[in-house]
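Have the structure open while you read.

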There are 2 protein chains.
Amino acid sequence: MDMQTSFRTRLIAEGILFPTGVDGLFGRNGTFEAVYDGLEHAITNFGRGSGAEVMRFPPAMAQTTFEKSGYMKNFPHFAGTVHCFCGDDRAHHALMGQMERGEDWMGKQEPADIVLTPAACYAVYPIVAKRGVLADAGHLVDVASYCFRHEPSLEPTRMQLFRMREYVRIGTPAQVLAFREEWMERGQAFATSLELPFEVDVANDPFFGRAGKLMADSQRMQNLKFELLIPVNDGAGPTACLSFNYHMSYFGDTWDMRTPDGNAAQTACVAFGMERLVLALLRHHGFDLDQWPAGVRETLALR
Amino acid sequence: MDMQTSFRTRLIAEGILFPTGVDGLFGRNGTFEAVYDGLEHAITNFGRGSGAEVMRFPPAMAQTTFEKSGYMKNFPHFAGTVHCFCGDDRAHHALMGQMERGEDWMGKQEPADIVLTPAACYAVYPIVAKRGVLADAGHLVDVASYCFRHEPSLEPTRMQLFRMREYVRIGTPAQVLAFREEWMERGQAFATSLELPFEVDVANDPFFGRAGKLMADSQRMQNLKFELLIPVNDGAGPTACLSFNYHMSYFGDTWDMRTPDGNAAQTACVAFGMERLVLALLRHHGFDLDQWPAGVRETLALR
């Protein structure tokens, strides 16, 4: 058993994670969720006073919005589409027979018009775009959503369904770059207040296929993505728990969001991987929350 | 415009719900979520001291668990299966062509091994069953999950993805029936403390097809399901916001959960439809939380 398996095994043995029979899909106990609630509180506190508009979304989005986002071009391997049964009594009878005989029945399902959300901020852009030209000050959104990525893994930090909290800035290049600078500082203060070891490094998204390699290289060369990495899984590299992303005008062009000068809006976001942060805290401070450092408990408002 | 449409229109106009382009799929603003958080707090308070084990689950479950639950026999029309792209560069190229030409690409997706969760308690039974014979006192679980039901609707109370909180009792017939009795009282005290008008009535689940009619009649005749109904949508009947369900030994037999006497365990649950309760509160107390009755604000710990 390698050390990485060992952390997962301990999480399961202590009853913090409930395995479901699918890699990367876990239930969570009250201890895990208490830390999660504390993180939500702390992230709100670190963003306080910024006047962010709160948006919360369900775990899926409209197929049309998903298609327009361009996600299938860059990350088709992660997407999860939702399908349903639209048949009558006769079709249902056939379906039950397939299930009883252990045949494939899911392949007979028909596409519904929704797709699991790949990243929280994807739901934000069409809503902001629909409001018309941005104000001079641009816009700031505090968004959260369950997200799905089809990447079954034994690492507990790589869940297929996980919660992402983000602050999303929309505006001029100067506005969004200033936001990203500010949050790269604030994110490090956040990790420090949680007494977690970390490093910040340039990064790339896991673009698909041969063309994806070029996309990833270009993203790195332009310093579009940084990650705050925390060692969580023993015997593996550190885990990206926050990311600081500069999309340039990708979403502004896609959704026709405009700044008052008539240019396509630019966007940037800071994203918090909530389950990863909970696991990082459990890894570094132990499974007994009462024993955590007083400062960490205060940041998380643990009582 | 009928009155029912009007409530939805007001929710959207006031920015409480964000439409996504799909009926029954909404984003929510900070006001909605503040009420949601308050309800979570109140439900925890009403269940306090019962020693319930906390379990929280992601919005999907393992296909094998879903299949064994028997859901597709009774409610195939509501289920949402998750499908993914498993191809190479060449298949991706073909996929992009389909999307560009506006052809069906979702139909080419392949089944993943997960299914959207139809009800929060479905994830609980296999975990409890795996622990072996129940203790003499049986077991009590406090569970929550996003749930999916494929039933696009204009009623804001009928969302396709919504959050369900439940207390689930597992034990002898006497234990689970006493639990249901207790929660039918407690549920009414809960609604009273929220100053919501309600009635409690016998009900049935929306079983599929011709055979489903018999199932529904039988469920009613045996008083297996009660609902706490609150008027929310104008021009429509009241909305089930809580349900009190007695499953007899259905899940005990399915998952081979046993009480110490060797019999199949029985189960019952009280389920809270969280979005419906938020909407009921907004409907009856208005959109300005500061103006809500002091007692309601206290129950919800609104500050």
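Let's start with a strand pair: E9(B) runs antiparallel to strand E10 (residues 225-230) of chain B, and 4 bridges join the two. Within that pairing, B:Val202 has B:Phe226 in E10(B) as its bridge partner. Keep in mind that this is a predicted model.

Now zoom out to the whole sheet. It is an open one with 9 strands and mixed pairing, ordered E1(A)-E2(A)-E3(B)-E7(B)-E8(B)-E12(B)-E11(B)-E10(B)-E9(B). Which strands stand at the edges? They are strand E1 (17-19) of chain A and strand E9 (199-202) of chain B; each has a single partner strand, so one side of each has no neighbour in the sheet. On average, neighbouring strands are turned by 20° against each other, ignoring direction.

Helix H2 (residues 30-46) of chain B lies across strand E8 (161-171) and strand E12 (266-273) of chain B, and runs at about 5° to E8(B).

On to the rings. There are 30 aromatic pairs over all chains. One of them is B:Tyr71 with B:Tyr122: the ring centres are 5.8 Å apart and the planes sit at 80°, so the pair is edge-to-face. B:Tyr71 belongs to helix H4 (residues 71-74) of chain B, while B:Tyr122 is in the loop between strand E6 (110-116) and helix H6 (124-130) of chain B, so this pair ties together parts 51 residues apart in sequence. The rings of B:Tyr250 and B:Phe251 are edge-to-face too, because their planes stand at 90°, with centres 5.1 Å apart.

| Residue | Relative accessibility | Class |
|---|---|---|
| B:Tyr71 | 4% | buried |
| B:Tyr122 | 11% | buried |
| B:Tyr250 | 36% | partly exposed |
| B:Phe251 | 4% | buried |
| B:Thr65 | 12% | buried |

B:Thr65 sits in helix H3 (residues 63-69) of chain B. Leaving out residues up to four places away in sequence, B:Thr65 touches A:Thr20, B:Tyr122, B:Pro126 and B:Trp255.

Ring pairs also build a cluster that includes A:Phe66, A:Tyr71, A:Tyr122 and B:Trp105. Finally, charges meet rings: the charged end of A:Arg186 is over the ring of A:Trp183, 4.8 Å from its centre, and B:Arg163 lies over the face of B:Tyr36, 3.6 Å from the ring centre.

Terms used
Residues are numbered from 1 along each chain as its sequence is written. Chains are lettered from A and ligands numbered from 1 in the order in which they are written. This is a predicted model: local features need pLDDT of at least 70, side-chain atom pairs count only at pLDDT 80 or more; totals for chains, interfaces and linings use all residues. Side-chain values use heavy atoms; hydrogens and water are left out. Buried means under 20% relative accessible area, exposed over 50%, partly exposed in between (1.4 Å probe, protein chains only). Contact means heavy atoms within 4.5 Å. Rings of Phe, Tyr and Trp (its six-membered ring) pair if their centres lie within 6.5 Å; planes under 30 degrees apart count as stacked, over 60 as edge-to-face and the rest as tilted. A charge sits over a ring if NZ of Lys or CZ of Arg is within 6 Å of the ring centre and within 35 degrees of the ring normal. Two strands pair if DSSP finds at least two bridges between them. Axes are lines fitted to C-alpha atoms, for helices over the stretch in contact, and angles run from 0 to 180 degrees between N-to-C directions.
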